[in-house]
Amino acid sequence: FRSRDITVDGPVLVNCAYWCAAFFDCENVDVSHLKVVGQWRYNTDGIDICNSRHVRVHDSFVRSFDDTVCVKGVLPFADRPVEDVVVSRCVLWCGWGNTCEIGVETHAPSMKGVRFEDCDLIRNAAIALDVGCGGKTVLDDVTFRNVRVEYPRGAEPMVLQKSDADTWKGGEAGTPQLAVVRATPYGKDGGGGGEQGEVSSET
């Protein structure tokens with residue numbers, strides 16, 4: 001939170017209770033050789049970069065249960081921009097959710113200069129490359145380049161566990177979406193009141 005000149009090199013994150021590695025209103029961040037494994041709870045995003053600037057995530061392996069690498073603007077830091085974020089040379093495995101994601105929380109004065117490049121997405125669930133605009137910010141200069149996406153035969157469908165009593169019952173195999181751009185109000189700033197609104201457009 002609100003930190004500067006951060007170097008993260010080499011840790012292994014296992015069995016997190018919530019988002020695994022998150023940066024809020026940070027600047028000059030370099031993350032390398034990070035390993036995220038052994039996540040089984042809902043909402044264990046791998047890496048969340050929120051309202052931060054000049055961030056590099058590279059040469060890392062992330063196997064998250066939920067969204068894998070996310071760039072967000074969250075309401076508590078909505079006055080701080082997102083700028084110059086590069087995710088490169090990473091191997092990403094998404095168990096449930098979206099693999100490379102911008103949003104859906106986009107509460108910031110601006111979000112610009114975000115790049116995902118030269119990454120291998122070896123397992124995808126809902127969406128491999130996702131841009132979800134749930135707040136009022138304007139997105140500018142967003143790039144996905146040289147991203148390799150694998151699709152396993154018979155991918156398991158996403159199922160939301162609503163209570164401890166729910167058990168896995170399986171389901172019909174599905175195919176994750178490759179790329180989605182959507183405008184879905186989310187949170188008070190976006191008009192969703194903390195939940196996703198009903199207005200959505202997908203490409």
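A residue is taken as buried when its relative accessible area is under 20%. In this predicted model, D130 has a relative accessibility of 0% and therefore counts as buried. D130 lies in strand β14, which spans residues 127–133. Leaving aside residues up to four places away in sequence, the contacts of D130 are with N98, C100, E101, I102, F144, V180 and R182.

The chain as a whole contains 16 strands and 1 helix. Its radius of gyration is 16 Å, close to the 17 Å given by the globule rule for 203 residues, so the chain is as compact as a globular protein of that length. Along the principal axes, the C-alpha atoms occupy a box of roughly 45 × 40 × 35 Å.

Of the 203 residues, 47% are buried, and D130 belongs to the buried class.

When contacts between residues at least 6 apart in sequence are considered, 73% join residues at least 24 apart.

With regard to charge, the chain carries 21 positive and 30 negative charges.

How values were computed:
Residues numbered from 1 in each chain as written. Predicted model: local features only at pLDDT ≥ 70, side-chain atom pairs only at ≥ 80, totals over all residues. Heavy atoms only, no water. Helix = DSSP H or I, 4+ residues; strand = E, 2+ residues; numbered from the N terminus. Buried < 20%, exposed > 50% of the residue type's maximum accessible area, 1.4 Å probe, protein only. Contact = heavy atoms within 4.5 Å. Rg over C-alpha atoms; globule rule 2.2 N^0.38 Å. Lys, Arg positive; Asp, Glu negative; His and termini not counted. Charge placed at Lys NZ, Arg CZ, Asp CG, Glu CD.
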